[in-house]
Amino acid sequence: MRSVVVSIILLLAIIKSLPTNALSSQAGHCAAGPISAQSQQGPHGPVGGGELANNAYDIQVNGQVISPGIPAVLSAGIQYIFKLETSALTTFRGFMIRLEDTATSTDVSGVFTPMSSNLQLHPDCTDHPKISAVTHNENSDKQSVEFSVIVPQPVASLRLDVTAVATMATNNWFHSLFEFAFVDAPTTRPSAIPSAIPSTIPSQTPSQLPSHEPTSDLISQSPSQIPSQSPSQIPSQSPNTDTGAPTITVFPTSGPSKMPSNSPSMTAPPMAAHSKEPSSAPSLSSAPTSNPVEAPKTPTARPNAPTTKAPTGDRRCIDSPLPMFVNGRRRSCKWVGKKKTELRCAMGIQSRRGILAQHCPFTCRLYYPQKCNKCIDSGRVFVMKKSRNKLNCEWVRRRPELIPTRCSKFGVKETCPVSCNVCG
């Protein structure tokens, strides 16, 4: 009896050490497409859970999340770090990541290099010699795996198949397709003719000539070395002390300047009409007026300023009430406005998900007024009440027949007004 128990324990240990069926004809097959497209689906079942995002999985390239249906940009001969990752609330056990050229069948084998100890080059893809594939080598719960990719030459239509198996339960797998477009790698020397569109990678040194338009919505922290040819739209925090010339302003300053001016200020001629609001203090003149003003016979009450409310359907400048993910942590628009608001509003400026000002346009209205002037979806990943799933506005519009249901949930209309078709 004791020998039978020992044999059973050894058998269970061997079974647990085997991969979670991420081999040929199962969850991680070498042929293209999801499990449902195969003649043999293996033990995981023919119907999975849909896209990777449905279980809070995502694919990152050099730290940037890529999306199905939106080609990501690569350059030949450049090393990229690919990462399959989950949120802190989910895991996966098995996976299969497969790369191929679907247009001309260019040989892309050998472009993968595993960087994590829990993955390996796929051992069962010998029938598909022109692809690269990686899979797991043990079946413990995982939150991320990494591998490097170097494609030696441009490929016409590069596609990445990703299958992730959450558990051994039937139909508990997820699959997504990702596409890539190739652009020329950045050169070390500038081109003779300026490019039509800006580059995605910043240059190592500043350009000698100023750009026609500002390169960023952010306000610089220090003054530029060359003075601008026109005044800035936002007033400076302190006066310019570098030059002796007076500063020309459209409106009078709230207080006297610390340094006396070299010449008298130029004031506009008196107004032909009376101002609508009374001044807070009487004006002082050096001499009496030639024609005194007759006092009014009946004093008038100070009129109330008209107040209007924004139309209820206008969603152009409303903060999302749903928390978003910032560097892996849940953050609300209240957090954005609590301190360092200008810097927090600009977070994510290099990300495909967009800056935080898109999620919190009202909180960030002083720094990004253009976000309040038009109705836009938030690009951030958010989570709804009593839910642990990471979602985005792409999820809202992914299935048109479910848009009314999804937009009826709390906070979704405010977060995704374009997808929900509620722009005023």
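Student: What makes this group of 5 strands an open sheet, and in which order do they stand?

Tutor: In this predicted model, the strands follow the order S2-S1-S4-S9-S6 with antiparallel pairing, where a strand is a DSSP run of E with at least two residues, a helix is a run of H or I with at least four, and both are numbered from the N terminus. S2 and strand S6 (112-114) stand at the edges with a single partner strand each, so one side of each is left without a neighbour in the sheet. The twist averages 35 degrees from one strand to the next, taken between lines fitted to C-alpha atoms, with angles running from 0 to 180 degrees between N-to-C directions. Residues are numbered from 1 along each chain as its sequence is written, local features need pLDDT of at least 70, and side-chain atom pairs count only at pLDDT 80 or more, while totals for chains, interfaces and linings use all residues. Side-chain values use heavy atoms, with hydrogens and water left out.

Student: Why are S1 and S2 said to pair?

Tutor: Two strands pair if DSSP finds at least two bridges between them, and S1 and S2 have 3 bridges in the antiparallel sense, so they meet that condition. Within this pairing, Val-61 stands opposite Gln-64 in S2.

Student: Which strands pair with S8, and what makes S8 mostly covered?

Tutor: S5 is joined to S8 by 4 antiparallel bridges, with Ser-132 in S8 as the bridge partner of Leu-99. Strand S7 (residues 119-121) pairs with S8 over 3 bridges, also antiparallel, and Leu-121 has Val-134 in S8 as its bridge partner. As for the covering, 5 of the 5 residues of S8 (residues 132-136) are buried, that is, under 20% relative accessible area, where over 50% would be exposed and values in between partly exposed (1.4 Å probe, protein chains only).

Student: Where do Ala-56 and Asn-421 lie, and is each of them buried or exposed?

Tutor: Ala-56 is in the loop between helix H1 (2-17) and strand S1 (57-61), and its 5% relative accessibility makes it buried. Asn-421, in the segment after helix H6 (412-415), has a relative accessible area of 70% and so counts as exposed. Neither is a glycine, yet phi is positive in Ala-56, about 65 degrees, and in Asn-421, near 60 degrees.

Student: Which element gives the most to the lining of the second largest pocket, and which residues lie nearest its centre?

Tutor: Helix H4 (393-398) gives the most, with 5 residues. Asp-58, Val-65, Arg-353, Val-381 and Asn-392 lie nearest the centre of the second largest pocket, which 48 residues line.

How values were computed:
1 Å grid on protein atoms, 1.4 Å probe; cavity = no way out; pocket = protein on both sides within 12 Å on 5 of 7 lines; lining within 4 Å.
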